[in-house]
Amino acid sequence: MFKEIRNKPLRYFVILFYFVVLTFCAIEINFLWLFGYSPTYRDIQTPNMRIASELYTADGKLIGRYYKENRTPIDFKQITKGTINALIATEDIRFYNHHGIDIRSIFSSAASTVSGDKRGGSTITQQLAKNLYRTRNNKQQGFIKYIPVARTIVYKLKEWTTALKLEHQYSKNEILTMYLNTVTFGNNTYGLKTAAKKYFNKEPEGLDIHHSAMLVGMLKATTTYNPEVNPDKTLERRNVVLSQMQKYNYISPQQYQNYSRKPLGITIGEIIEDNRGDSYLRSAVARYLEDWCESNGYNLYESGLKIYTTIDSKLQKYAEEAMREQMKILQQRLNNAWGNENPWRDSNGNEIKDFPQKAAQRLPLYDFLKKKYNNNQDSIDYYLNKPKKMKVFSWNGDKEVSFSTIDSIKYYAKILNTGIMTMDPFNGHIKVWVGGVDFDHFNFDHVNQAKRQAGSTFKPFAYLAALESGMSPCDKFTDKPVRIAYDENNEKKYWEPKNADYSFSGREMTLRHAMGRSVNSVTAQITEQVGWDNVVKYAHECGIESDLESVPSVSLGSNDVSVYEMVKAYSTFLNNGKRTEPILVYKIADNDGRVIEEFKTKQKKVLSEEIAWLMLYMFRGGMEEPGGTSQSLWEWDLWKKGNQIGGKTGTSSDYVDGWYMGITKDLVTGVWVGCDERSVHFRTSGTGEGSHTALPIFGRFMEKVYRDPSTGYTYGPFPKPTVDITREYNCQTVIIPADTLTVDTTMTDSLFIPADLQIDEPKDTASQQTVPKPSDNKPVTPAPQPQTEISTEPKTNREKRQEARRQRRAEQQNN
């Protein structure tokens, strides 16, 4: 058909034009997958600038960002005229006169290249197309990428078509704004706002002309013209930009002289660059939103979301402070307990000689070394024992050491860790999330990723099963040796639990007293009577999600659970028997502040209000029953205005795991303490019980919360029952004078009892006294420790403080 055009020059022009049109069409539709993906008009209308998502506390404090490219977008009105002039004078002087492609600039650029002066001919719009849609990204390429010259031509054609689309869709000012929001300034700094903050500690609207000139000058080569690395070259490049501005009359010669003489004036600002999820809380939120982002088509690291968590910044701060203060003490205690001995021990207390080597074999590095050295053990061991410089965690700050891999394994195995979570059980809002002692060194989250033996903190589910079976807090069991038969693989076996004080008193005690003192023998009898399957059932009903082995010892915490699960389950008791699903995020908005999603907790009624209230009354026994395991809380300033706290300590076998679950009228808090390596632990109950490890963190935390009125959390008793309580609960508790020749058993709860210990005969029960009946709305003053009444030994400072607090509380109640 082209032969019909007799004018040859015109014919050749039409053929060329036809060929160009076909080429552009082929590129647009990615014909035969030759050219790769090209941005569509839909992409142009909804550009993705890969904006960082921001993370906020419930009270509006920015606590982190998620990003691959650290940027915060701005509006055109925030860009100074000097910045725009510097950009146009340097990058695209005919910006306002073309429609995305500057033909004159293309020809002049080609002529300059031929003469040896290489300079680009791309317009600002073309550069935006490249930055915004990654037209040169390998994933955007087709088979043509294997042909060097053709590949470059296709790149350019894509940029041209995309630039034309951008010019058709947006105004010049909008294009300038998008460009300055997407361009990189090096050091993972994207966009003008982030760059202005980083290099000058200013907002974009506060940039002077010489500041803008420096930033625009960096765009040519961000590494070469990085002011922190090459200040002289950066200064030279800035002055080139200023000369361009003078050349095109954006500044006068006098202004050029003034600005070019100024130093760079770098003032490094604080930018949240290290917060890409690198904290326990930010990582937890990322996991929490993973499914939501996938279902709703958002990218956490590029969609510019504003994520509002349920975290209370003040409570989070106080929890972290309490954790640091106590964990530093506990770490020193553990170090002192073992001295120069290696602490990794088996269940019989014998050192595990090959522990470091076995631990090394679990590292990904070990598989790499096996391949590298062809399974040559000598070479592998040589590498593992070769010292190298590294930084390791310490409570006095990171310290530089010369450690081998084996040295590092030994060092970190001895470090205690923790997990802390606080929740409002009425709306499900998680107020505190402390996943460990230091995220940089211990990435594993001990709130919901780690699962450990719950010890005696699991006992309340046995007492819950007892109440559900019709018992009352005043029902009595005898503290006596127990032998429970059970079947395992069609073989009859017996379980004989022992108490934490290595003896049995032979006395009757109420359920509340037994739970308050954490008496193993009574808990075992209750479990046998109600059935361990029911204990598992009610634990699951309350919120424990982990698989639980239904065995006679289940009530003593032989299963692994997480802090997250335990807080969720305990919250059921405070929320009138309604199981509440914890939520970590309550609202998500887009970059413009429009709310995309709001999250509400899900609740399910699993206990009657009467049973839930009775369980709270039982939990108070840890403080109010003689010898209750929570009475170490007297150490802190928690007992004003009739304040009540319910709780349960827990310790797993060999003092590996220490727990405390604390309940106030408003909040439920769970604390776990232990080493990540289970073979490393404390040696004695006095150092390793949950009452001595986890409970003090809770005490310190709540003391800080109560002392700050701005938190909104105040002292006060538990809620009164909202229904009639039909079961007896105001039962008398006897105080038994302590036998000072036996082991002091106050506040012990360990599951671990040496098997060779003999059972003591029941003690004399002749000398007894009663405690007044507690009222429904007034807490019972815990009786003074019997030892302090009959002992002639001088009191310790701690005993004096505890006695003084008891007296003050008694006076307050009497008044």
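Here, a residue counts as buried when its relative accessible area is under 20%. With that in hand, let's look around this predicted model. We'll start with its cysteines, then move on to a few helices.

**The disulfide**
- The count of disulfides comes to 1, and the bond runs between Cys474 and Cys731, with the sulfurs 2.3 Å apart.
- Its two ends come from distant parts of the chain, 257 residues apart. Cys474 sits in the loop between α18 (459-468) and β11 (476-478), while Cys731 belongs to the loop between α26 (690-707) and β23 (734-735).

- Cys293 has a relative accessible area of 7%, so it's buried.
- Cys542 comes in at 0% relative accessibility, so it counts as buried too.

- Among the buried ones are Gly82, Asn85 and Leu87.

- Helix α9 (residues 209-218) packs against helix α10 (residues 231-247) at an angle of about 110°, and their axes are 8 Å apart.
- An angle of 65 to 115 degrees counts as roughly perpendicular, and α9 and α10 are therefore roughly perpendicular to each other.
- On the α9 side, the contact uses Ile209, His210, Ala213, Met214, Val216 and Gly217; α10 brings Thr234, Arg237, Arg238, Val241, Leu242 and Met245.
- Sorted by class, that contact of α9 with α10 has 7 nonpolar, 3 polar and 2 charged residues.

Technical notes:
Residues are numbered from 1 along each chain as its sequence is written. This is a predicted model: local features need pLDDT of at least 70, side-chain atom pairs count only at pLDDT 80 or more; totals for chains, interfaces and linings use all residues. Side-chain values use heavy atoms; hydrogens and water are left out. Axes are lines fitted to C-alpha atoms, for helices over the stretch in contact, and angles run from 0 to 180 degrees between N-to-C directions. Helices (H or I, at least four residues) and strands (E, at least two) are DSSP runs, numbered from the N terminus. Angles under 35 degrees count as roughly parallel, over 145 as roughly antiparallel, 65 to 115 as roughly perpendicular and the rest as oblique. Contact means heavy atoms within 4.5 Å. Ala, Val, Leu, Ile, Met, Phe, Trp, Tyr, Cys and Pro count as nonpolar, Asp, Glu, Lys and Arg as charged, and the others, Gly among them, as polar. Buried means under 20% relative accessible area, exposed over 50%, partly exposed in between (1.4 Å probe, protein chains only). A disulfide is a pair of cysteine sulfur atoms within 2.5 Å.
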